[in-house]
Amino acid sequence: MSWAPAAPLGADVLVPPSADVEARSPLQLFWRRFRRDRLAVASLFVVVALIVVAIAAPLIVDVLGLPGPDVQNLNLTNYFGGPLGPSWSHPFGVDKLGEDVMSRVIYGARVSLEVGIIGTLVSTVIGVTLGMLAGFYRGWVDTLLARTMDVFLSIPILLLGLGIGAACAVRGCAAGLIQPGLGVIIFLIAIATWPFQARIVRGLVLSLREQEFIDASRALGASDMRLMFREILPNLSAPIIVYATLQIPLNILFEAALSYLGIGIRPPTPSWGQMIADATPIFNTAWWYMVFPGAALLVTVLAFNLLGDGLRDALNPRGAR
Amino acid sequence: MTAYIVRRILWGIATLVIVCALTFLLFRVLPSANPAVLRAGRNPNPHAIANIEKVLGLNRPLTVQFWDYMKDVVLHFNLGYSFYSDEAVRTLIGERLPATLSLAVGAALLWIVGGLGVGIISGLRPGSWLDRSAMGTALVLVSAPEFWLGLVVLLLFAKDIGVVRIFPGAGSYVGLTSNPWNWFTSMLLPWFVLAAGSAAIFARLMRGGLIEAMGEDYIRTARAKGLRERKVVRQGVRSAINPITTLLALEVSALIGGAVLVETVFNIPGIGRLAYNAIVEGDFAVVQGAVLVAALFVVVANILVDIGYAYLDPRVRYS
């Protein structure tokens with residue numbers, strides 16, 4: 001709070017409009033704030049770079065002159081039969097099958113980003129829809145949803161995921177609806193994380209539905225569907241984007257944990273979690289095989305976390321941080 | 001208050017029954033491996049399989065199996081019998097409970113005390129080097145996968161393979177009653193790894209809440225009337241801590257999931273590793289039991305947190 005004397009009421013209106021005062025759209029305002037946050041901009045670069053790496057993985061591996069991710073070469077062992085460490089031709093070393101670790105780390109970005117982004121999209125759609133219905137209609141719909149969320153939140157999801165993953169990992173299940181590998185993981189993420197989104201959206205809708213513009217719209221004869229998805233939903237876009245961005249790293253970690261425990265992405269498709277699992281029995285001698293995929297995970301998750309923080313600060317300038 | 005507690009406990013019981021039903025359905029309907037086939041050994045003949053199904057009661061209608069299962073769980077806390085060893089799941093879990101409890105309780109203490117402590121120190125001096133380094137560390141710990149962090153700390157600090165050989169490494173777990181000191185030292189690394197992520201989240205939230213609270217008018221009032229700084233801070237902390245309590249219950253669920261990973265990495269003979277091995281073997285009776293026991297922990301933690309919150313914030317009791 002400042003102690004400067006307050007300007008007379010309406011003084012700002014009297015200032016003649018000059019050339020350097022221009023209207024800014026919310027998007028422009030957001031971008032100006034976001035740009036000032038150097039950490040957030042850097043993390044945006046990292047995220048974009050990761051996406052490029054994932055898409056152009058074959059090209060990058062080629063340019064770097066590395067062998068493909070599943071090219072095995074059992075000659076690349078040391079005197080004791082262990083894998084060889086980092087060298088010029090294999091900057092991250094090789095694994096126990098003689099596969100190039102750097103090449104596998106590059107390809108591993110694909111699984112992590114796919115799971116992170118698709119899983120988040122699916123759970124966001126479910127969470128936003130259910131949260132919207134509960135907050136808008138209240139009453140028994142709301143009670144039912146709240147109770148369902150309680151049940152879902154009290155199931156330790158990693159254990160349940162392990163169970164479902166093990167059960168579905170071979171042939172898929174639920175009549176082929178859940179396919180082994182990526183499908184199982186995305187399904188698990190969807191059922192595990194929608195309550196978080198739903199809870200947040202519900203809370204916001206509860207207060208938005210009492211606002212005057214909703215009354216006005218209803219008076220004009222808008223249907224419930226229109227009120228929910230054309231009037232209320234656009235007002236929720238900022239929090240939804242922020243929470244979705246912060247959900248991506250959690251999903252990436254979830255996939256890594258499942259793959260680490262041997263359920264989830266199966267070889268030969270490279271996944272960072274699965275690489276760390278392979279490395280575990282020999283990690284005291286072949287440290288590179290464990291350290292590099294983990295570092296890739298750390299950098300990816302960190303970048304998404306920082307990006308999410310930056311988006312939150314830029315979209316919600318009144319926030320404390 | 002009593003009415004609130006009763007309502008909360010009744011709903012907790014209902015949640016457990018629903019979780020019980022869900023896990024039963026999942027693990028009877030979904031498994032692609034028939035436990036009877038698993039038990040019958042190599043090249044089983046259909047007769048042997050049918051026999052085993054009969055012994056395990058798998059040939060009865062699903063509804064009957066479900067009713068019997070629920071009856072056993074509710075009336076006798078009997079969680080069924082391992083498909084492999086015929087041992088009671090209750091016994092298997094009971095034997096491994098101390099290891100998991102020492103891991104989870106120790107990590108929870110470290111998480112809450114460490115997380116809130118660091119958050120308060122950071123929040124009182126935002127922008128200082130202490131705050132910035134603490135928050136930087138927190139961000140890295142939030143982003144690091146537990147199992148990887150576990151391997152890295154083993155590589156750095158384990159007595160057998162570490163660079164700096166200070167702490168006992170993987171597989172060094174001993175029971176609390178057999179050797180308290182060794183128990184304590186062997187749990188130090190697992191506690192740290194399991195607590196790190198949650199503690200970091202709490203530190204960040206606590207810091208944010210405290211910065212906001214310390215800017216409020218009542219803090220200025222408290223200072224203006226000459227309260228000692230310690231008392232002023234206590235008021236700020238008190239109001240910043242309330243919203244964080246509700247997140248406790250969610251983090252308990254995450255902590256139990258993390259325990260599976262940490263037990264695997266550090267070779268601790270707990271429920272998590274039991275469940276993991278059971279999954280690998282297709283022993284779904286054990287998996288189901290472990291999920292239920294874990295859900296029991298989460299529900300109880302939820303109830304305790306909610307009651308604590310209602311005690312702190314009277315508005316909750318009447319909503």
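**Figure 1. A patch of positive charge on the surface of chain A.** Four arginines, Arg24(A), Arg32(A), Arg35(A) and Arg36(A), gather on the surface as a patch of positive charge. A patch is built from residues with over 30% relative accessible area and no salt bridge, with like charges joined within 9 Å and nonpolar side chains (Val, Leu, Ile, Met, Phe, Trp, Tyr) joined within 5 Å. Lys and Arg count as positive and Asp and Glu as negative, while His and the chain ends are not counted; each charge is placed at NZ of Lys, CZ of Arg, CG of Asp or CD of Glu. This is a predicted model, in which local features need pLDDT of at least 70 and side-chain atom pairs count only at pLDDT 80 or more, whereas totals for chains, interfaces and linings use all residues. Residues are numbered from 1 along each chain as its sequence is written, chains are lettered from A and ligands numbered from 1 in the order in which they are written, and side-chain values use heavy atoms, with hydrogens and water left out. Arg36(A) belongs to helix 2 (residues 26-36) of chain A; helices (H or I, at least four residues) and strands (E, at least two) are DSSP runs numbered from the N terminus. Arg36(A) counts as exposed because its relative accessibility is 66%. The terms are set as follows: buried is under 20% relative accessible area, exposed is over 50%, and partly exposed lies in between. Areas are calculated by the Shrake-Rupley method with a 1.4 Å probe, and for residues only the protein chains shown count as cover.

**Figure 2. A nonpolar surface patch on chain B.** Val6(B), Ile9(B), Leu10(B), Ile13(B) and Val17(B) make a nonpolar surface patch of about 420 Å². Within this group, Ile9(B) lies in helix 1 (residues 2-29) of chain B. Ile9(B) is classed as partly exposed because its relative accessibility is 39%.

**Figure 3. A polar contact between Ser143(B) and Asn305(A).** The side chains of Ser143(B) and Asn305(A) are joined by a polar contact of 3.1 Å. Such a contact is a pair of N or O atoms within 3.5 Å; within protein, one atom must be able to donate a hydrogen and the other to accept it, and residues adjacent in sequence count only if both atoms are side-chain atoms. Ser143(B) is part of helix 6 (residues 129-143) of chain B. With a relative accessible area of 0%, Ser143(B) is buried.

**Figure 4. Leu103(B) and Val262(B).** Leu103(B), in helix 5 (residues 89-124) of chain B, is buried, as its relative accessible area is 0%. Although Leu103(B) and Val262(B) are 159 residues apart along the chain, 9.0 Å separates their C-alpha atoms.

**Figure 5. Salt bridges in both chains.** Over all chains, a search of the whole structure finds twelve salt bridges, each being a side-chain nitrogen of Lys or Arg within 4 Å of a carboxyl oxygen of Asp or Glu. In chain B, Arg223(B) pairs with Glu229(B), and their closest N and O atoms are 2.9 Å apart. Arg223(B) is partly exposed at a relative accessible area of 39%, and Glu229(B) is partly exposed at 40%. Elsewhere, salt bridges with shared partners link Asp309(A), Arg312(A), Asp313(A) and Arg204(B) into one network. In chain A, Arg209(A) and Glu210(A) form a salt bridge of 3.0 Å, N to O. Arg209(A) counts as buried at 15% relative accessibility, whereas Glu210(A) counts as partly exposed at 47%. A further salt bridge, of 3.6 Å from N to O, connects the side chains of Glu231(A) and Arg226(A). Glu231(A) is buried, with a relative accessible area of 18%, while Arg226(A), at 38%, is partly exposed.

**Figure 6. Two loop residues with positive phi.** In chain A, Arg138(A) occupies the loop between helix 5 (101-137) and helix 6 (139-154). The phi angle of Arg138(A) is near 50°, a positive value in a residue other than glycine. Arg138(A) is partly exposed, with a relative accessible area of 37%. In chain B, Asn267(B) sits in the loop between helix 10 (229-266) and helix 11 (271-281). Its phi is near 55°, again a positive value in a residue other than glycine, and Asn267(B) is partly exposed at a relative accessible area of 40%.

**Figure 7. The chains that hold these views.** Chain A has twelve helices and zero strands, and buried residues make up 46% of its 321 residues. Chain B likewise has twelve helices and zero strands, and 49% of its 319 residues are buried. Along the principal axes, the C-alpha atoms of chain B fill a box of roughly 85 × 55 × 35 Å.

Conventions:
Buried < 20%, exposed > 50% of the residue type's maximum accessible area, 1.4 Å probe, protein only.
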